[in-house]
Amino acid sequence: MPLYQSVFERYEKKYVITGTQKEKLLAAINGKLVPDEFGESTVCNLYFDTPDYRLIRASMEKPVYKEKLRLRSYGIPQENSNVFVELKKKYKGVVYKRRINMTYGEAVDFLCRRNFPRADTQVYGEIAYFMGFYRSLRPTVSIFCDRTAYFSSEDRNVRVTFDRNIRFRNQMLDLSTGSQGVRLLDSGLYVMEVKTLGSVPLWFSSALDGLEIYPRAFSKYGKAYEMMFKEPLLN
């Protein structure tokens with residue numbers, strides 16, 4: 001049995017906030033958030049898409065249903081580092097995530113060379129089906145951020161993450177080469193994500209209201225896609 005959660009079904013809300021808002025929010029909730037097992041980490045993502053960027057273009061049209069495939073590591077991976085292959089879907093505001101754990105070398109072999117590992121799980125089957133449906137999938141962009149992750153001291157199913165220094169590149173897509181890239185947001189801004197099984201706790205929503213912090217749609221991959229085609233030097 002894996003020691004990680006392989007299936008998620010939850011609500012996710014995003015906020016773009018300043019460092020000052022972040023500090024005021026943490027002060028207002030007075031210790032109700034505690035660091036999770038990852039704590040401070042550099043989150044490294046490699047997104048897969050078709051040559052015509054079918055997946056991200058569809059996602060940016062804000063459909064009822066959207067999906068994406070990525071490889072994720074916590075820290076710069078090496079050949080034998082543990083990473084996650086994640087299939088993420090969103091339907092009517094609910095996020096469904098399926099992931100499998102393997103080494104970075106195995107994941108690259110699986111996703112880039114279609115050398116399918118010997119596995120017989122439902123999650124693996126869903127990812128393999130997705131790859132078969134979108135036959136021309138290839139690595140398209142790497143996105144990195146420095147993350148601080150928390151969960152509620154009252155309910156571990158309530159998670160809050162703060163991402164800063166969000167950057168991307170669409171060259172040198174091997175994650176093991178480091179996390180350098182072009183900045184997606186101005187310095188000092190954070191993307192805060194609140195992840196819950198249901199409604200946001202009252203103490204948290206009250207703190208947000210008091211500080212006039214409101215949800216804002218923000219897609220890291222979507223923003224990177226926009227910048228890739230606005231700035232010729234990135235292509």
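Two strands pair if DSSP finds at least two bridges between them. Helices (H or I, at least four residues) and strands (E, at least two) are DSSP runs, numbered from the N terminus. The model is predicted, so local features need pLDDT of at least 70 and side-chain atom pairs count only at pLDDT 80 or more, while totals for chains, interfaces and linings use all residues. Residues are numbered from 1 along each chain as its sequence is written, and side-chain values use heavy atoms, without hydrogens or water.

Strand β5 spans residues 94–103. Of its 10 residues, 8 are buried (under 20% relative accessible area, with a 1.4 Å probe and protein chains only). Strand β4 (residues 82–91) runs antiparallel to β5, and 10 bridges join the two. Val85 stands opposite Ile100 of β5. The hairpin of β4 and β5 has 2 residues between the strands. There, Lys92 takes a positive phi near 50°. Strand β1 (residues 7–18) also pairs with β5, in the antiparallel sense, over 5 bridges. Tyr11 has Val94 of β5 as its bridge partner.

Two helices also meet. The axes of α1 (residues 19–29) and α5 (residues 202–210) come within 10 Å and cross at roughly 140°. Axes are lines fitted to C-alpha atoms, for helices over the stretch in contact, and angles run from 0 to 180 degrees between N-to-C directions. Contact (heavy atoms within 4.5 Å) involves Leu25, Ala28 and Ile29 of α1 and Trp203, Phe204, Ala207 and Leu208 of α5.

Note on methods:
Buried means under 20% relative accessible area, exposed over 50%, partly exposed in between (1.4 Å probe, protein chains only).
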